[in-house]
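Opening the notebook on this one.

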Amino acid sequence: MRYGIISDIHANLAALQAVLTDLGSVDALWCLGDVVGYGPDPNPCVEIVRQQVQVCIPGNHDWASIGKIGVKDFNDDAARACLWTQQQLSPANADFLAGLPQTRQEGDFTLAHGSPGNPIWEYVLSASHARAQFDRFPGRYCLVGHTHIPMIFQKEEEAKGRVRAITPQANHPFSLEKGRMIINPGSVGQPRDGRPEAAYAILDTDKALIEHRRVAYPIEETQNRMVQAGLSPKHIVRLGYGW
Ligand code: ZN
């Protein structure tokens, strides 16, 4: 089976469309949360997810944008974007986000937005941080988003449980056979690893491979929509640089 793994779309419709085109045909699509927040097109993005994604979990921006958590823990610009999104979302799209379970278990894969221990809020950024997380999911692999940085944390069975942080190379499939892993596909709609292209991953369970990918998309289209919507200048600028 081939799965498209997408995360942190953040209401960036142009980026999501570019990823879906690049992805081609897969057996299923999994989404790791933050469908909305920051970006100018929350309703179209949620609608695509409702129609095309088989498994979806919520992120902190999804919950804040439907009032399920407050915005006091967000910085000012992010909080304003969540409140703007709250006004935009249709009742049906808000209901969809409200009904998503915090984690999902799909065979050997646990899906959690932040971390398996604290799915909505916790960031898994470093090998030392990832180490404790390996006790918090039952199967071999955990798929996370939230940091917007493509990453593989690998716990090597034969190396006394040492955890390595690997920055995956785009378009170079990585074997899933060596140890347990926490894998982040990066962000579709707001990459933060210094590259502006949309990020996602393709999981091939028959071949036991995960391939991280990058796709260029018309960034100015999203930036113009953000200007029209009166969204944060900082968030508009950062899309062009991937920070
Ligand atoms: Zn996010």
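**Strands, then helices**

I started with strand 2 (residues 28-31) and strand 3, which pair in the parallel sense over 2 bridges. Strands and helices here are DSSP runs numbered from the N terminus (E, at least two residues, for strands; H or I, at least four, for helices), and two strands pair if DSSP finds at least two bridges between them. I checked C31 and found it opposite C56 in strand 3.

Housekeeping: this is a predicted model, where local features need pLDDT of at least 70 and side-chain atom pairs count only at pLDDT 80 or more, while totals for chains, interfaces and linings use all residues. Residues are numbered from 1 along each chain as its sequence is written, and side-chain values use heavy atoms, with hydrogens and water left out.

Next I traced the open sheet: 6 strands in the order 3-2-1-11-12-9, with mixed pairing. Its edge strands, strand 3 (55-56) and strand 9 (174-175), each pair on one side only.

Then I looked up the helix pair. The axes of helix 2 (residues 42-52) and helix 5 (residues 91-98) cross at roughly 55° and come within 10 Å. Axes are lines fitted to C-alpha atoms, for helices over the stretch in contact, and angles run from 0 to 180 degrees between N-to-C directions.

Which residues make the contact (heavy atoms within 4.5 Å)? I listed N43, V46, E47, V49 and R50 from helix 2, and A92, N93, F96 and L97 from helix 5.

Terms used
Contact = heavy atoms within 4.5 Å.
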